[in-house]
Amino acid sequence: MVARLVIAAPSSGAGKTTVATGLMAAFAGRGLAVSPHKVGPDYIDPGYHALATGRPGRNLDAYMCGTGQVAPLFLHGSHGCDLAVVEGVMGLYDGAADQGELASTAQVAKLLKAPVVLVVDASSQSRSVAALVHGFASWDPEVRIGGVILNKVATDRHEHLLRDALGESGVPVLGVLRRAPAVATPSRHLGLVPVAERQAAAVAAVAAQAEQVLAGCDMEALLALARSAPALSAEPWVAEAGERPHAGGPVVPTTRPVVAVAGGAAFTFSYAEHTELLRAAGAEVVTFDPLRDEALPEGTRGLVIGGGFPEMYGEQLSANEPLRKAVAELAASGAPVAAECAGLLYLARSLDGRPMCGVLDADARMSDRLTLGYRDAVAVNDSVLAPAGARLRGHEFHRTVIEPGAGPLAAWGLRQPERRVEGFVQGGVHASYVHTHWAGSPEVAARFVEHCA
């Protein structure tokens, strides 16, 4: 049994990340082993969670991985921990568009049988807070709201009015947090600035968040609420070589091919389970930094370039000509290359006019338009990741465009928000804007490693 809390809010912008990260750091500072989790496909918040706890931040995505994998993935990540803190996404009941409660914080809380702490931005209300909390607490009887943390409270008088109103709601106040600039985290076009880009400042911000939580929250009551969660009947998820569709049983290579995985400040978007699955499928995983390393890891047989912010580092990435040439040569040799979003841009001929790897006959640039949402994807062509016809669920999140949007052999066919094909399959290269979570399709890692071997 893992003690656990879900930190949710009525809407985005209420302070979920600040409160959740502060709680993680505060409990860790008290000597507890804290397991950090994030609902949905977000890559940035888990970086702050990892900083607060010293453990990998892990995502719980009911859309990409399936509802049946939420509890197993949670138990895998929280193994050996005293407490798990799960930060929600958007508003408590907001999920995948036109899919009801699917992938919402509320659904994940129910799948985990976890009590919810509602973070409310109280900056522009007093007595109305009771009506708001009552509405959220009564909307779905299966969602147990165990308490509320009032955020951005102005004065002692303001706090008194809020507490007085909530006294009639039946939902206890577990914390009151004043406005505090020191806990703020800067944002830009895709959300918070990642930890890797502001390490020292991020450490200071997380410490300030922990201090604020300790000063304003009833830590004993929160811990007691977390320990009231019942045991889960699921078994922990295990990273295993998946069954390849249409091709028989699991594939384990006789040698351990080196798979290079891009990291560093420009490529911070990754799921911990991807590396675990690659290793389980028989690969030796080696991380490299395209901003600093002028060569791929020795013996590289395959390359994984995930998401991130290459648009913020275009000049440095372009200046690292030796590595760009090494990547192009590896791709030209037919070696497997899996690139998602930022990786797609890095493989293009240019990004905002600066030379990139030139693997793809395409050019990328920043755009004013945000592309965001879950995607149902069908493999249009055979590739190192999936056979033609295979179906995966993914997510798009970017403010860039690439022209053309698809190669002669496209990667995916998408059904929403409009029907289109996108991405590139070229030799051993699979490059696309669509992020996928391989824990929902472990056969992807097995197929990729088999091609590497």
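**Close-up views of a predicted model**

**View 1. The second largest pocket and its lining.** H9 gives the most residues to the lining of the second largest pocket, with five. This is a predicted model, in which local features need pLDDT of at least 70 and side-chain atom pairs count only at pLDDT 80 or more, while totals for chains, interfaces and linings use all residues. Residues are numbered from 1 along each chain as its sequence is written, and side-chain values use heavy atoms, with hydrogens and water left out. The pocket has a volume of about 850 Å³. Of its 38 lining residues, Phe267, Thr268, Phe269, Ser270 and Tyr271 are the closest to the centre. Elements that give two or more residues to this lining include helix H2 (45-53), helix H9 (272-280) and strand S11 (284-288). Helices (H or I, at least four residues) and strands (E, at least two) are DSSP runs, numbered from the N terminus. The lining divides into 22 nonpolar, 14 polar and two charged residues. Here Ala, Val, Leu, Ile, Met, Phe, Trp, Tyr, Cys and Pro count as nonpolar, Asp, Glu, Lys and Arg as charged, and the others, Gly among them, as polar.

**View 2. The largest cavity.** On a 1 Å grid over the protein atoms alone, a cavity is a set of points where a 1.4 Å probe fits but cannot get out, and a pocket is an open set with protein on both sides within 12 Å along at least five of seven lines; lining residues have an atom within 4 Å of a point. Grid points are joined across faces, edges and corners, and a volume is the space filled by probe spheres set on the points. About 40 Å³ of space lies in the largest cavity. Of the 11 residues that line this cavity, the closest to its centre are Gly308, Glu311, Cys341, His398 and Thr400. S17 supplies the largest share of the lining, four residues.

**View 3. Strands S16 and S17.** Glu396 in strand S17 and Arg375 in strand S16 form a salt bridge, the closest N and O atoms being 2.7 Å apart. A salt bridge is a side-chain nitrogen of Lys or Arg within 4 Å of a carboxyl oxygen of Asp or Glu. Glu396 counts as buried at 1% relative accessibility, and Arg375 counts as buried at 4%. Buried means under 20% relative accessible area, exposed over 50%, partly exposed in between (1.4 Å probe, protein chains only). Thr371 lies in strand S16 and is buried at 12%. Not counting residues up to four places away in sequence, Thr371 touches Glu396, Phe397 and His398, where contact means heavy atoms within 4.5 Å.

**View 4. Salt bridge between Arg30 and Glu220.** The closest N and O atoms of this pair are 2.3 Å apart. Arg30 lies in the loop between H1 and strand S2 and Glu220 in helix H8, so the pair ties together parts that are 190 residues apart in sequence. Arg30 is partly exposed, at 43%, and Glu220 is partly exposed, at 47%.

**View 5. Salt bridge between Arg349 and Asp363.** The side chains of Arg349 and Asp363 meet at 2.5 Å, N to O. Arg349 lies in the loop between H12 and strand S14, whereas Asp363 is in strand S16. Arg349 is partly exposed, with a relative accessible area of 38%, and Asp363 is partly exposed, with 28%.
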